[in-house]
Amino acid sequence: MIQNTVWDVSIILMGSVAAIFIGVAAGAPVALENYGPAIASAYRMRVWLFILAAVVLVAVNWRTLGELPYVSASAQGTPGIQRVDAVGEQWSWTISPTHFTVGETAEFHVTSKDVNHDFALYGPDMRIVTQVQAMPGYTNILRYTFKKPGIYRVLCLEYCGIGHTEMMSDIKVAAAKSVTGKTP
Amino acid sequence: MTTQAIGTSRGGIDAGIAVRAYLAVTGIVLLLMMLFGFTMRLAQAQWINIEPNTFYMILTMHGSGMVGITGLSGAAVMWYFVRRHVPVSTGVFVANLVFFLVGALLILGSGFIGGFAGAWTFLYPLPEHSGGLWSANAAAFYMLGLLVIGVGFLLLHLDVLRGIISVYGGLGAGLGAKQAFGLAPEKDGPPPAVAAATMASISNIVGIVIGAVVLVLMLVTLYVPSFTFNTLLAKNLIYYFGHTFINVTIYMAVIAVYEILPMHTHRAWKTNRAFYLAWVLSTLMVLTVYPHHLLMDFAMPTWMLIAGQIISWVSGLPVLLVTAFGALTNVYRSGIKWSVAAGLVFIGVAGWAIGVIPAIADGTVIVNSVMHNTQWVPGHFHTYLLLGMVAMMLGFMAYIGGGRAPSRLGPAGLWTFLIGGAIFVLAFLAGGAASVPRRYAVHLPGWLPYDRVGVIGAGLVVIGTSLLVTRFFLALRSPMSGDGIR
């Protein structure tokens with residue numbers, strides 16, 4: 001799950017930066033006799049840090065930009081993908097259809113009748129699996145292939161007025177049937 | 001080069017009193033807004049019960065107030081230090097404060113009297129779709145309040161740039177562009193305060209003008225419903241303004257780091273080519289990175305969203321590798337005698353650098369798909385704003401007013417603020433990783449543990465900040481300690 005990876009990596013990096021600051025602050029009251037060589041060494045280190053950061057930046061962007069969720073106009077309406085219309089308005093969702101099976105790919109056509117909403121799809125464990133903005137005047141296309149059976153919930157994640165938290169709707173995902181017709 | 005001593009009068013207005021007035025207003029408003037935030041966390045934790053309409057009104061006031069007061073206090077830092085190098089008008093500085101107070105009254109009135117609860121991002125067309133919660137007049141008062149505050153900042157930034165141009169001959173020279181590209185010796189570059197003030201003023205002028213355009217358009221839509229405009233365009237304009245304004249608060253406040261730390265370490269802040277290049281690039285990036293707020297708006301041109309992700313990543317480098325690195329090398333084994341002011345500005349740099357990490361993560365499209373508008377967002381922005389910008393500003397407040405304050409108040413405030421702040425932002429980040437939405441008046445039972453830990457952190461932040469602000473007020477009658485150090 002992306003959230004767990006992001007949390008782990010962030011906490012490690014944030015903790016590392018914090019540790020550097022704490023270490024420097026704690027040692028700072030004791031003056032260094034000859035500051036020149038130390039600062040020269042630090043600036044050489046910064047060059048290497050810059051190179052490392054640049055490599056990480058290129059690698060992560062190269063990797064993640066290859067997995068964009070945006071669906072191109074030519075790919076919309078692909079056979080075998082279930083079209084789902086999702087319309088938000090203050091303060092409810094109208095979604096059709098709402099029943100799927102594991103392995104099925106839904107293509108959500110998301111829009112709004114009034115203000116900005118955000119169509120956030122929560123998995124059975126109440127963790128977000130994907131989302132897209134619902135905007136008046138626009139239809140945003142979002143695809144998701146259901147991986148687990150259970151009740152998925154759609155929440156609004158763009159503040160839209162007093163009933164914002166009431167914008168919850170359910171989507172039911174059944175387990176995939178085996179070739180014998182029995183549910184595994 | 002022109003040097004203006006703080007305390008000298010221009011047009012009959014005392015600059016020292018003006019700076020203290022800014023900080024006094026900051027202390028009061030900051031604490032009030034923190035109490036609003038604390039109240040919201042209490043409500044989410046289900047330890048108090050407030051109605052959703054009240055919750056969202058407080059949310060709107062908290063967001064607007066915090067953005068405004070960080071802008072105001074950042075302006076005080078910038079103006080105080082930049083006027084040592086260029087001539088600036090005290091009258092314009094005071095006018096900005098007056099505009100701010102008038103605008104703040106309009107905004108508070110829109111909320112507490114008119115019930116306006118459209119959030120500080122006032123996303124079009126929400127202000128005109130209140131569901132009966134507020135009137136068009138209430139929304140108009142809110143927008144007029146923002147416009148009035150914007151006018152004040154516009155005047156101030158124009159005056160700062162006028163001063164910079166009068167001394168350095170141009171905005172490029174104020175930024176140190178020639179030094180950045182190796183076309184002039186580093187030693188001839190502008191002081192850090194001037195480079196930062198140039199960047200901040202250029203960026204904020206562009207952002208404020210764009211913000212004014214969308215606010216005026218939205219004001220028309222409130223009273224002429226037949227007049228509509230594109231919602232995606234509106235969102236672009238709003239986030240351009242909002243992103244720029246809130247980021248510039250940090251770029252103004254960081255001047256306190258450049259000035260206060262060297263006074264304590266007795267080492268000049270190193271202004272080399274990398275430093276100037278960082279400020280030139282930061283100017284370009286703060287003006288172009290805003291699409292990272294729109295990564296879930298699939299109707300946006302894809303190239304803009306890809307650019308938003310890449311620029312988000314690149315924009316972290318100047319922070320981490322120039323300012324944070326500069327602070328660390330400036331302090332490293334310097335023999336510093338830590339004061340509350342030095343400690344707070346150092347914490348501010350750390351908070352900024354640490355907060356950049358989860359922010360960059362959120363600026364990545366595939367991460368944004370599962371973390372956008374969760375508590376991860378207030379988690380990262382509170383890290384670099386509360387533990388970053390606000391810490392720098394409190395350090396400036398301690399520097400200006402802490403000379404004769406009771407000695408224990410400062411350290412107690414600093415440590416309570418720091419520990420509380422760390423708990424507070426980690427609770428938000430953990431909530432975000434668990435998919436807890438932001439801006440929810442009512443929380444599900446599974447989300448309460450994050451909220452309740454957050455309440456503890458928020459409470460400590462309020463206590464710590466109260467001690468630091470009290471320390472400032474107690475010292476108001478004494479001479480400005482900043483004057484003495486200069």
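Q: What do S5(A) and S6(A) form, and which residue in the turn has a positive phi?
A: In this predicted model, S5(A) and S6(A) make a hairpin with 5 residues between them. The residue in the turn with a positive phi is Met126(A), at about 60°.

Q: What makes S5(A) and S6(A) a pair of strands, and in which sense do they run?
A: Two strands pair if there are at least two bridges between them. Strand S5 (residues 117-122) of chain A is joined to S6(A) by 6 bridges, so the two count as paired. They run antiparallel. One place to look in the structure is Tyr122(A), which stands opposite Ile128(A) in S6(A).

Q: Which residues does the cis peptide bond with omega of about -5° join, and where is Trp91(A)?
A: This cis bond joins Gln90(A) and Trp91(A). Trp91(A) is in the loop between strand S1 (82-89) and strand S2 (92-96) of chain A. Another cis bond runs from Ser96(A) to Pro97(A), with omega near -5°. Pro97(A) sits in the loop between S2 and strand S3 (99-101) of chain A.

Q: Why is Gln46(B) called partly exposed?
A: The count for Gln46(B) is 14 C-beta neighbours inside 10 Å. Buried needs 20 or more and exposed needs 12 or fewer, so a value in between is partly exposed. Gln46(B) is in the loop between helix H1 (15-44) and H2 of chain B. Its phi is positive, about 60°, although Gln46(B) is not a glycine.

Q: Is Arg439(B) buried or exposed, and what makes it so?
A: Arg439(B) has 22 C-beta neighbours inside 10 Å. With the cut-off at 20 or more, Arg439(B) is therefore buried. Arg439(B) belongs to the loop between helix H14 (409-433) and helix H15 (448-474) of chain B, and its phi is positive, near 55°.

Q: Why does Gly103(B) count as buried?
A: Gly103(B) has 23 C-beta neighbours inside 10 Å, and 20 or more is enough, so the residue is buried. Gly103(B) lies in helix H3 (residues 90-112) of chain B. Beyond four places in sequence, its contacts are Gly145(B), Leu146(B), Val148(B) and Ile149(B). Tyr142(B) is 39 residues away in sequence, with 8.4 Å between the C-alpha atoms.

Q: Which residues have the most contacts inside the largest nonpolar core?
A: They are Val77(B), Ile255(B) and Val345(B), in a core of 223 residues. H8(B) gives the largest share of this core, 20 residues. Domain 1 (2-67) and domain 2 (73-174) of chain A each supply at least three residues to this core. Val345(B) touches several residues beyond four places in sequence, among them Ala256(B), Ile260(B) and Met392(B).

Q: How many residues of chain B are in contact with chain A?
A: On the chain B side there are 62 residues, in contact with 64 residues of chain A. H10(B) gives the largest share of the chain B side, 12 residues. By class, that side has 40 nonpolar, 18 polar and 4 charged residues.

Q: What confidence does the predictor give the complex and chain B?
A: The complex has an ipTM of 0.94 and a pTM of 0.94. Chain B has a mean pLDDT of 93, and 95% of its residues reach 70 or more. Over residues 5-10 of chain B, pLDDT stays under 50.

Definitions and conventions: Residues numbered from 1 in each chain as written. Chains lettered and ligands numbered in written order. Predicted model: local features only at pLDDT ≥ 70, side-chain atom pairs only at ≥ 80, totals over all residues. Helix = DSSP H or I, 4+ residues; strand = E, 2+ residues; numbered from the N terminus. Contact = placed C-beta atoms within 7 Å. Nonpolar A, V, L, I, M, F, W, Y, C, P; charged D, E, K, R; others polar. pLDDT = per-residue confidence, 0-100. Core = buried A, V, L, I, M, F, W, Y, C linked by C-beta atoms within 7 Å. Domains from an automatic or database assignment.
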